[in-house]
Amino acid sequence: MNIEELMIKLEYEKIPSRWYSINGDLASDIYMLRKVHDYWEFFYVDERGNQNNDYRRFNDESEACNYLYDKLIYEKEH
């Protein structure tokens, strides 16, 4: 899955855009996915602005997108 496919799936699943940011600005209480040079990083920014929560690094866009998708689906269901 790539970013475009991820966005389509998140819209289909009615995942609120306020829950995540992809290559966007940091905000609080949000899941972040961003491209950094030749890798992707995922982390959660808590309500206090701390950003190293649940940090993951991926060398593959597909792996990164799938990880974010799974996290957001889990959040939706719980």
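Predicted model: local features only at pLDDT ≥ 70, side-chain atom pairs only at ≥ 80, totals over all residues.
Let's start in the sheet. Strand E2, residues 30-36, and strand E3 pair in the antiparallel sense, over seven bridges.

Now the whole sheet. It is open and has four strands, in the order E1-E2-E3-E4. The pairing is mixed. At the edges sit strand E1, 20-22, and strand E4, 53-58, and each of these pairs on one side only. Neighbouring strands are turned against each other by 15° on average, direction ignored.

Next, the helices. Helix H1 covers residues 3-12 and packs on the sheet. H1 touches E1, E2 and E3. The direction of H1 makes about 155° with that of E1. Helix H2 covers residues 61-77 and lies across E1, E2, E3 and E4. H2 runs at about 175° to E2.

Let's stay with H2. It has 17 residues. From its first C-alpha to its last it reaches 24 Å, close to the 24 Å expected at 1.5 Å a residue. How is the N-terminal end of H2 capped? Aspartate 60 does that, with a side-chain oxygen 3.1 Å from the backbone nitrogen of serine 62.

Which residues of H2 are buried? They are Ala64, Cys65, Tyr67, Leu68, Tyr69, Leu72 and Ile73. Their cover includes H1, E1, E2, E3 and E4.

The largest nonpolar core has 20 residues. Within this core, Leu6, Leu33 and Leu68 touch the most other members. H1, E1, E2, E3 and H2 each supply at least two of its residues. The largest share is from H2, with seven residues. Take leucine 68 as an example. Leaving aside neighbours within four places in sequence, leucine 68 is in contact with Leu6, Ile22, Tyr31, Leu33 and Phe42.

Now a charged residue, glutamate 41. Look for it in strand E3, residues 39-45. Is glutamate 41 buried or exposed? It counts as buried, because its relative accessibility is 7%, and the cut-off for buried is under 20%. What does its side chain meet? Another goes to the side chain of tyrosine 55, at 2.8 Å. Not counting residues up to four places away in sequence, glutamate 41 touches Met32, Leu33, Arg34, Val36, Tyr55, Arg56 and Arg57.

Last stop, histidine 78. This residue is in the segment after H2. Histidine 78 counts as exposed, because its relative accessibility is 65%, and exposed means over 50%. A polar atom of the histidine 78 side chain lies 2.9 Å from the backbone oxygen of tyrosine 74. How far is histidine 78 from arginine 57? The two are 21 residues apart in sequence, and 25 Å apart in space, C-alpha to C-alpha.

To recap: glutamate 41 is buried, and histidine 78 is exposed. H2 lies across E1, E2, E3 and E4, and H2 gives the core its largest share.

Notes
Residues numbered from 1 in each chain as written. Heavy atoms only, no water. Buried < 20%, exposed > 50% of the residue type's maximum accessible area, 1.4 Å probe, protein only. Polar contact = N/O pair within 3.5 Å; in protein donor to acceptor, adjacent residues only side chain to side chain. Contact = heavy atoms within 4.5 Å. Pairing = 2+ DSSP bridges. Axes fitted to C-alpha atoms, helices over the stretch in contact; angles between N-to-C directions. Expected span 1.5 Å × (residues − 1). Core = buried A, V, L, I, M, F, W, Y, C linked by side-chain atoms within 4.5 Å.
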